[in-house]
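Subject: Structure handover

Hello,

Here is the structure I said I would pass on. My notes on what was found follow it.

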Amino acid sequence: MLSLTVDQIIVITFLLVTLIVGLWAGRDIKDVKDYAIANKSYGMPILLLTLLATAIGGGTTIGDTAEIYETGYIYIVASLGYTIATIWFAYYFAPKIDHRFKDMLSIADMVRYFYGVTAEKFSGGMGYLIGIIVLAVQLIALSNFTAKILEMPYLTSLFLTGGIIVSYSALGGIRAVVITDVLQFCILIIMIPLIANIAISEAGGLSAIFTITERTPHHMTVWEHP
């Protein structure tokens, strides 16, 4: 009889639920506009949750934590650049997305409006390239994690996780992507505090953590950081 650990059951359940929810959400796609932008049927709360789920990825939860551990608090200051850029974008750029762009499906369409077809093709090509690179990096990280937890070969894990993501994204379009993002945000908002609490407890509490950082004074500095 197959024996699974609690961690393996959690990961398998998450992958299956994500696939099922994604396929369910993307059913009955009517046309290209429905596939690409869900006919603008999602309100602000849903869009906010999917944006947060996209922003809070592996790089944020694991990568940034590792960098802060290695280099100190100065990395937090550097990370504020993303937050400042997002606020600037929302304040200055977003209000200018008005009726002129009502029937457009992508950033490339907006580029064409201002700069012509050649710029549109270049913008679309660059967006495609960046999308491929980001997807590849995320799949490598996810596959390594899944292979470790499920104790399977890396390539098997890669085809498994990649197949799930490609299946519901390709078949369900933006509807599937948005709903699975909302699901993942709900999981993140519960799991991150739990994991942080366990990590702090395993380290001996906050007092122990700050005692350790005192041994490497530059971790606590910003302007004086080497």
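Arg 175 and Asp 34 are both buried, where buried means under 20% relative accessible area, exposed means over 50%, and partly exposed is in between, with a 1.4 Å probe and protein chains only. This is a predicted model, in which local features need pLDDT of at least 70 and side-chain atom pairs count only at pLDDT 80 or more, while totals for chains, interfaces and linings use all residues. Residues are numbered from 1 along each chain as its sequence is written, and side-chain values use heavy atoms, with hydrogens and water left out.

Salt bridges

The side chains of Arg 175 and Asp 34 form a salt bridge, with 2.6 Å from N to O. A salt bridge here is a side-chain nitrogen of Lys or Arg within 4 Å of a carboxyl oxygen of Asp or Glu. Arg 175 belongs to helix 8 and Asp 34 to helix 2 (residues 32-37), so this pair ties together parts that are 141 residues apart in sequence. Helices are DSSP runs of H or I with at least four residues, strands are runs of E with at least two, and both are numbered from the N terminus.

By this rule there are 4 salt bridges. Another of them joins Asp 98 to Arg 100, whose closest N and O atoms are 2.9 Å apart. Asp 98 is partly exposed, at 30% relative accessibility, and Arg 100 is partly exposed with a relative accessible area of 34%.

Glu 120 and Arg 112 also form a salt bridge, their closest N and O atoms being 3.6 Å apart. Glu 120 counts as buried at 16% relative accessibility, whereas Arg 112 is partly exposed at 40%. Through salt bridges that share partners, Asp 109, Arg 112 and Glu 120 are joined into one network.

Helix packing

How do helix 3 and helix 8 pack? Helix 3 (residues 44-55) meets helix 8 at an angle of about 70 degrees, and their axes are 8 Å apart. Axes are lines fitted to C-alpha atoms, for helices over the stretch in contact, and angles run from 0 to 180 degrees between N-to-C directions. The two helices are therefore roughly perpendicular; angles of 65 to 115 degrees count as such, those under 35 as roughly parallel, those over 145 as roughly antiparallel and the rest as oblique.

On the helix 3 side, the contact includes Leu 49, Thr 50 and Ala 53, and on the helix 8 side Val 178, Asp 181 and Phe 185 are among the residues involved. Contact means heavy atoms within 4.5 Å. Thr 50, in helix 3, is buried at 11% relative accessibility. Leaving out residues up to four places away in sequence, Thr 50 touches Val 177, Val 178 and Asp 181.

Helix 8 (residues 154-202) also packs with helix 1 (residues 6-25): their axes come within 7 Å and cross at roughly 95 degrees. Helix 1 and helix 8 are therefore roughly perpendicular as well.

Val 11

Val 11 lies in helix 1 and is buried, at 11% relative accessibility. Val 11 and Thr 146 are 135 residues apart in sequence, yet 7.5 Å apart in space from C-alpha to C-alpha. Residues up to four places away in sequence aside, Val 11 touches Phe 145, Thr 146, Ile 149 and Leu 150.

Regards
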